[in-house]
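Below is a short briefing for a reader new to this structure.

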Amino acid sequence: MKSFIALVFLLVYTSFHCQNNELTNKKLISYYEDINSAEDKIATNELDSADFYYQKAFKTFKEPHANDLYNHMKVLLNKKNHENAFKHYQSLDCMKYKFEENFLSSHFPNSEQYKKLKCKNKFDDHYLKELDSLFTIDQHYRKLSGGNYAKFKKEITKNDSIASTNLLSMIQKKGFPNEYDLGLGSANLVFFQNFYFIIWHQLATNLYSPQVVNFSEEIKKALNKGKITPENAAFLLDLN
């Protein structure tokens, strides 16, 4: 519980930082204000109030971020409201979120009692395949290096250039994708999409692979369309 509260404080800070500097969409500002209020209430263990603010936020923005659905699910589980928590579980499962092993049986031992929702997600599998192929290029020599990036500096620089220029072209053509476009099959447990690493490696001060593409404008556009969380946007903008 303490580690969860610490994480909430970090997310509130980064979210607030990004909202103050880059976010202009009034509907999303209202959404994140309610999300921040919910996270504040989690930190003080006021779960009824946290539940209220999450519900309020989800009425404002119809495609809430997966991490917000997950956090609300945890609040509902702690309130013993398993039926409504299961709705969020199903939404995340439909997005192909990689739950920890035995999550369903340990948190929803009576899941057969709850109404099953039909998955209605329509993902762009071709876009996801293209992004995954770029991620493979990005990671190839990093994995071979065993952490000694200097050994493959030339190769990493070349592959980073290929991956980043192609990623920028795809985003400009198809838009900045999120879990509603791609699902979460290529994201980690903290909802960080694999293609974010390509942006990350365009770090302005990268010692092994100099910046070729600056993604700042695309990240700002994505933020104001609700395609990326404020904390991930703040993190990637600080790097770029």
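Buried means under 20% relative accessible area, exposed means over 50%, and partly exposed lies in between, with a 1.4 Å probe and protein chains only. This is a predicted model, in which local features need pLDDT of at least 70, side-chain atom pairs count only at pLDDT 80 or more, and totals for chains, interfaces and linings use all residues. Residues are numbered from 1 along each chain as its sequence is written, and side-chain values use heavy atoms, with hydrogens and water left out.

**Salt bridges**

- The structure holds 11 salt bridges (a side-chain nitrogen of Lys or Arg within 4 Å of a carboxyl oxygen of Asp or Glu).
- Arg-142 pairs with Asp-138, with 3.5 Å between the closest N and O atoms.
- Arg-142 is buried at 9% relative accessible area, and Asp-138 is buried at 2%.
- Because they lie 4 residues apart in helix α7 (residues 125-145), Arg-142 and Asp-138 are separated by about one helical turn.
- Lys-56 and Asp-34 form a salt bridge at 3.1 Å, N to O.
- This pair links distant parts of the chain, with Lys-56 in helix α3 (residues 47-60) and Asp-34 in helix α2 (residues 26-43); helices are DSSP runs (H or I, at least four residues), numbered from the N terminus.
- Lys-56 is partly exposed at 36%, whereas Asp-34 is buried at 5%.
- Glu-22, Glu-217 and Lys-220 are linked in a salt-bridge network.

**Surface**

- Tyr-208 is partly exposed, at 34% relative accessibility.
- The loop between α10 (195-200) and α11 (216-223) holds Tyr-208.

Note on methods: Helix = DSSP H or I, 4+ residues; strand = E, 2+ residues; numbered from the N terminus.
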